[in-house]
Amino acid sequence: MQQQVIIDEAETTVVNIHLNSADFQLTRIVNVLEDNGARIKNINVVTHSDVDTDITIYLSVESAEAISQALDRYGYEASVVAPASSPDNPSTIKRNYDALMNFLNV
């Protein structure tokens, strides 16, 4: 019986990592994330061949930018997508900027 996982996307940071299958060590990746204050909600691993592996990790974390920098330090090719409610999300920054400009024009 397959279990369905429901993830609250409004509060979830998504990390996508692409790496060589020979370099795949899940414990090392998890340690990097948890050492930077992330709480892991879900991990999906897809191996495309004996060479390529894609990992998608759903996190609860204060700063998506800190996670991105930590993964870069350890040499992982990763893209980090902050949740819509995060201050690190560019759409949140723009929305806050627009609200400030609107306030100043009043």
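In this predicted model, four strands form an open sheet in the order E2-E3-E1-E4, with antiparallel pairing. Strands here are DSSP runs of E with at least two residues, helices are runs of H or I with at least four, and both are numbered from the N terminus; two strands pair if DSSP finds at least two bridges between them. Strands of a sheet pair through backbone hydrogen bonds, either parallel or antiparallel. Strand E2 (39-47) and strand E4 (77-81) stand at the edges and have a single partner strand each, so one side of each is left without a neighbour in the sheet. On average, neighbouring strands are turned by 15 degrees against each other, direction ignored. Such angles are taken between lines fitted to C-alpha atoms (for helices, over the stretch in contact), and they run from 0 to 180 degrees between N-to-C directions. Residues are numbered from 1 along each chain as its sequence is written. Because the model is predicted, local features need pLDDT of at least 70 and side-chain atom pairs count only at pLDDT 80 or more, while totals for chains, interfaces and linings use all residues; side-chain values use heavy atoms, leaving out hydrogens and water.

The pairings can be followed strand by strand. Strand E1 (residues 13-20) is joined to E4 by five bridges in the antiparallel sense, and within this pair Val-14 stands opposite Val-81. E1 also runs antiparallel to E3, with eight bridges between them; here Thr-13 has Leu-59 as its bridge partner. Eight bridges likewise link E2 and E3, again antiparallel. Val-45 faces Ile-55 of E3, and Arg-39 is the bridge partner of Ser-60 in E3. E2 and E3 form a hairpin, with four residues between them.

Taken as a whole, the chain has three helices and four strands, arranged along the sequence in the pattern β-α-β-β-α-β-α. Among contacts (heavy atoms within 4.5 Å) between residues at least 6 apart in sequence, 64% join residues at least 24 apart. With a relative accessibility of 55%, Glu-77 counts as exposed, a label given to residues over 50% relative accessible area; buried means under 20%, and partly exposed lies in between (1.4 Å probe, protein chains only).

Helix H1 (residues 26-35) packs on the sheet, where it touches E1, E2 and strand E3 (52-60). The direction of H1 makes about 150 degrees with that of E2. In H1, the residues Ile-29, Val-30, Val-32 and Leu-33 are buried. They cover an arc of only 160 degrees around the axis, which puts them on the same side of H1; the arc is that of the directions from the helix axis to the C-beta atoms. Thr-27 and Asp-35, on the other side of H1, are exposed. The buried residues of H1 pack against E1, E2, E3 and H2. Just after this helix comes Gly-37, with a positive phi of about 85 degrees.

Leaving aside neighbours within four places in sequence, Leu-71 is in contact with Val-15, Ile-17, Val-32, Leu-33, Tyr-76 and Ala-78. Of the 106 residues of the chain, 26% count as buried.
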